[in-house]
Amino acid sequence: MAALALHPDRLFPADERTRAIARSLYAPIKGLPIVSPHGHTDPAWFAYDQPFANPADLLIVPDHYVLRMLYSQGVKLEAVGIPTVDGSPTQTDPRAIWTIFAAHYHLFRGTPSRAWLDWVFAEVFGIDVRLEPSTADLYYDAIDAALKTPAFRPRALFDRFNIEVIATTESSLDSLDHHKAIRDSGWKGRVVTAYRPDPVVDPEAIGFTDNLAKFGEMAGEDVSTWAGYLRAHENRRAFFRRAGATSTDHGHPTAFTADLPRAECEALYARVRAGKANFAEAELFRGQVLTEMARMAIDDGMVMQLHPGAYRSHNPALLARFGPDKGADIPVAAEFVRNLKPLLDRFGNESALTLILFTLDEDTYSRELAPLAGHYPVLRLGPPWWFHDSPEGMRRFRERATETGGFYNTVGFNDDTRAFLSIPARHDVARRMDCAFLARLVAEHRLEEDEAHEVAHALAYDLVKKAYKL
Ligand SMILES: [Zn+2]
């Protein structure tokens, strides 16, 4: 059996001198609390503190990074327990799912998933041999046994991971009952929500018309008019704020924004609500609502996050059989300079607004995003996201964005994950990569070491708290 050991210098520069600087920058920030301002953990975990079911349900079935790689190499999603839309049978034996995963673990060599999972195996479960077919049962038994103990319940792990605060993401249509249960339980862990209105903002969303009706009901507003629709958002935002939300999240296909006269908004909303909007009108509606969200954010203080550029469910056969979020989302080229202009023309100079931009199109870092964030007071750059939440993605981000945007127009790290156990690993990768980047600046005499220490602390802790008001 091969050993599993995490090297203390992992991700640090290979040359001795820069590596020594990186080590010294990393040592004081390594143990800082985790501030997780955007992610997709399930608030029910923290509300009810039930044990996680089994190794497969915890680590494989919900992880679309894992699913996409397995699928790309011919593993059927039925074989790893993904439920089908039509209810036809899939594998339900978690040990069988784990065995298939172990047989394919070599596929993850060189990927961030491999680094995160190895961290979970070694640091969370104390396993010291590599996952491969011959150790599949050893792994399954060790993880399964651990999950049955109190130390591996969600709240105990939350404390062990030194999480100061974590944000989940809920749609406008969520009752936030789990968040209420967390507050009512008296538990001290800080779990807040974030307002994600996509299901009632995107006319192309599944069930949009029904969503609107439910939205009006939950908000107690008549959403048959544009004015009532906007009031419903204001109402729901206030409800989310009472559950601790400090941010909104917008997962649009593009960064398009609009600022139409009121009469045009009313006419557009009528078409959208009647289900008559064509492709261009749907885009116009999303863009107009984004500008309305900015207006509301100035009033209620919520920080906006815009996550454009994912072509969701690119594989129609997979979508039909298994539904969305199964690893078939693909990045598309993005444009920010012209698309954001209507919103920025109106609100770009407001001191009370923060709009955090993410991208899946790395070309935009140096050409568009760093210049925009390096000028407009409302703009900040979110960390490398999703496909770029990786050591090389982080390196490219710092290399392309820092000289124009600086460090202080960035907002620390987002793990953006549902894979709860991997959260410390993801933040640790970001801390190490930032220290590696700063070490190079110090070694090249572009930044003094005492300043690099301050920046390392800001990137790991201060900037995220400030940007997200946490
Ligand atoms: Zn997200």
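Colleague: Which residues coordinate the zinc ion, and through which atoms?

Modeller: Donors are N, O and S atoms within 2.8 Å of the metal (3.2 Å for Na, K and Ca), and as water is not among the atoms, sites may look incomplete. Here the zinc ion is held by H38 (NE2), H40 (NE2) and D416 (OD), at 2.1 Å, and the donors follow the spacing H-x1-H-x375-D along the chain. This is a predicted model, in which local features need pLDDT of at least 70 and side-chain atom pairs count only at pLDDT 80 or more, while totals for chains, interfaces and linings use all residues. Residues are numbered from 1 along each chain as its sequence is written, and side-chain values use heavy atoms, with hydrogens and water left out.

Colleague: Is H38 buried or exposed?

Modeller: Buried means under 20% relative accessible area, exposed over 50%, and partly exposed in between (1.4 Å probe, protein chains only). H38 has a relative accessible area of 2% and is therefore buried, whereas H40, at 27%, counts as partly exposed.

Colleague: What does T169 contact, leaving aside its neighbours within four places in sequence?

Modeller: Contact means heavy atoms within 4.5 Å. By that criterion, and with those neighbours set aside, T169 touches H38, G39, H40, A194, R196 and D249. The side chain of T169 also reaches the backbone oxygen of G39 at 2.7 Å, and T169 itself is buried, with a relative accessible area of 15%.

Notes. A polar contact is a pair of N or O atoms within 3.5 Å; within protein, one must be able to donate a hydrogen and the other to accept it, and residues adjacent in sequence count only if both atoms are side-chain atoms.
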